[in-house]
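Here is a short tour of one protein model, written for someone who likes the cut-offs spelled out. Take a look at the structure, then read on.

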Amino acid sequence: KKAEKDGEWAESILPIFQGYIDELEQQNTFTLLKDATISNNIIASVKTGNCVKVLLSTLRMKIGRARNLSKSSDSTDLKDAYDSSLGVVDDIYLFKDALWTTTPDGNPISDTVEMLNILSSAFSVIIICLDPSDNNNAESLRTLIEKLKASVAIICQVDFHDLYSSNSSLLSESWRYFPIPSIWQSDEHSAMSRSAYNLSIASAVSSFSGWEKDEFTLDLLKRSRKDTFFGIHLEGKKVAGFLNSNRERHLSNLWNLIETLIPTLTSLDFKNGVSNAKKVDWYKKAMENLENNFKDESIASFGEDSALNILFIFAHIALLLAKQEDDDVKEEALIKHALSIVLPPTQICLDQSLWDSDLGVKGTDENAEWQIFTAGDSTFKASSHPIRRLKNNSTSKASQKAKQNATKFSTSNQMTKSPFSKLI
């Protein structure tokens with residue numbers, strides 16, 4: 001809804017915001033945002049905060065305008081939308097240190113969540129404006145993937161030494177059936193997979209932060225809301241869940257691209273697989289709770305859905321570039337990046353074993369206790385009182401740790417400086 005309003009108001013309000021931006025630039029006020037450091041000076045902190053608000057509002061309006069233009073069939077409008085969105089990405093990176101701030105828990109603060117939302121929208125407009133029939137836009141794709149790389153690096157906490165290097169062979173030409181092997185994954189790829197997995201879980205579990213460094217378990221549940229949502233299932237070999245319809249559609253498109261690059265692999269038929277996965281009772285109950293409690297509210301509150309969208313777009317561009325890559329090593333490296341992001345959320349959605357990675361197993365280790373959190377109806381009711389086991393009155397270790405983490409989070413007010421400066 002906010003995005004729709006931004007689009008409606010962009011043409012009339014954007015010149016006002018842009019005028020204010022120009023005035024602040026003339027006064028050198030935006031120097032506060034460059035190489036920003038945490039200041040104990042109240043006046044400086046207030047000025048910085050106001051600059052951030054103005055900047056984010058202006059960038060949001062720019063994306064609203066670009067989104068409107070991207071709906072046009074006119075090539076001039078599409079180019080304008082593409083260039084404007086790239087400009088928004090560049091502006092965010094220019095003020096990276098002021099815009100990326102997290103709590104000690106690793107969760108982005110509200111302005112940083114807004115930045116992720118804008119960045120996600122900018123990349124979404126860019127990919128809409130790309131001509132799908134253009135098989136000679138490799139240079140544009142390389143420019144775009146370099147910009148995406150900086151965002152993916154900070155989201156997944158990885159260091160891309162070389163985007164096109166491949167230390168171990170994918171051997172994808174030998175793949176015929178699922179599950180496929182995972183031995184080709186480096187530590188970098190594993191980190192990307194874990195992030196994609198956690199961000200996907202956070203999109204279905206309101207009490208879990210997708211920015212956790214460790215793989216999801218019940219011990220990591222800690223956020224408390226008036227209405228909470230637990231939209232995953234832990235009774236299988238690996239954690240199953242769902243994504244919103246936009247992410248599902250994107251995953252389906254990504255698998256269509258993967259099948260053209262690995263033609264020997266059995267067709268996944270993602271769309272039909274998701275449809276079948278949604279017929280089970282736990283999913284129907286989860287959707288009922290979602291409709292009642294989260295109809296107009298995002299399940300994830302720390303920008304996880306936007307971060308996941310950025311990862312999906314990175315995978316999308318990597319696959320498009322791989323199709324045009326003549327160098328087999330570079331092509332293989334790009335496919336590895338894409339698969340590392342695509343496989344975890346796909347496995348969650350389909351509730352099927354798609355690769356031999358252990359990712360997703362850890363969350364089911366507490367099978368005997370997970371219904372304490374779901375209360376039998378796919379909802380986790382946050383409480384200030386210890387959650388007790390069903391068979392006795394002792395407090396579970398998972399509950400104690402969740403409560404301790406929740407207290408730590410609620411009382412934390414320190415911020416962490418942006419690690420973007422190491423990446424760009």
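## The largest cavity

The lining of the largest cavity has 6 nonpolar, 2 polar and 1 charged residues by class (Ala, Val, Leu, Ile, Met, Phe, Trp, Tyr, Cys and Pro count as nonpolar, Asp, Glu, Lys and Arg as charged, and the others, Gly among them, as polar). Those lining residues are Tyr 197, Lys 238, Val 239, Pro 344, Gln 347, Ile 348, Trp 355, Leu 359 and Gly 360. Helix α12 (residues 328-350) gives the most to this lining, with 3 residues.

The largest cavity holds about 40 Å³ of space, and the count comes to 1 cavity of 30 Å³ or more. Here a cavity is a set of points on a 1 Å grid over the protein atoms alone where a 1.4 Å probe fits but cannot get out, and lining residues have an atom within 4 Å of a point. Grid points are joined across faces, edges and corners, and a volume is the space filled by probe spheres set on the points.

## About the model

This is a predicted model, where local features need pLDDT of at least 70, side-chain atom pairs count only at pLDDT 80 or more, and totals for chains, interfaces and linings use all residues. Residues are numbered from 1 along each chain as its sequence is written, and side-chain values use heavy atoms, with hydrogens and water left out.

## Overall make-up

The protein has 14 helices and 0 strands (DSSP runs numbered from the N terminus: H or I of at least four residues for helices, E of at least two for strands). Buried residues, meaning those under 20% relative accessible area (1.4 Å probe, protein chains only), make up 53% of the 424 residues.

Terms used. 1 Å grid on protein atoms, 1.4 Å probe; cavity = no way out; pocket = protein on both sides within 12 Å on 5 of 7 lines; lining within 4 Å. Buried < 20%, exposed > 50% of the residue type's maximum accessible area, 1.4 Å probe, protein only.
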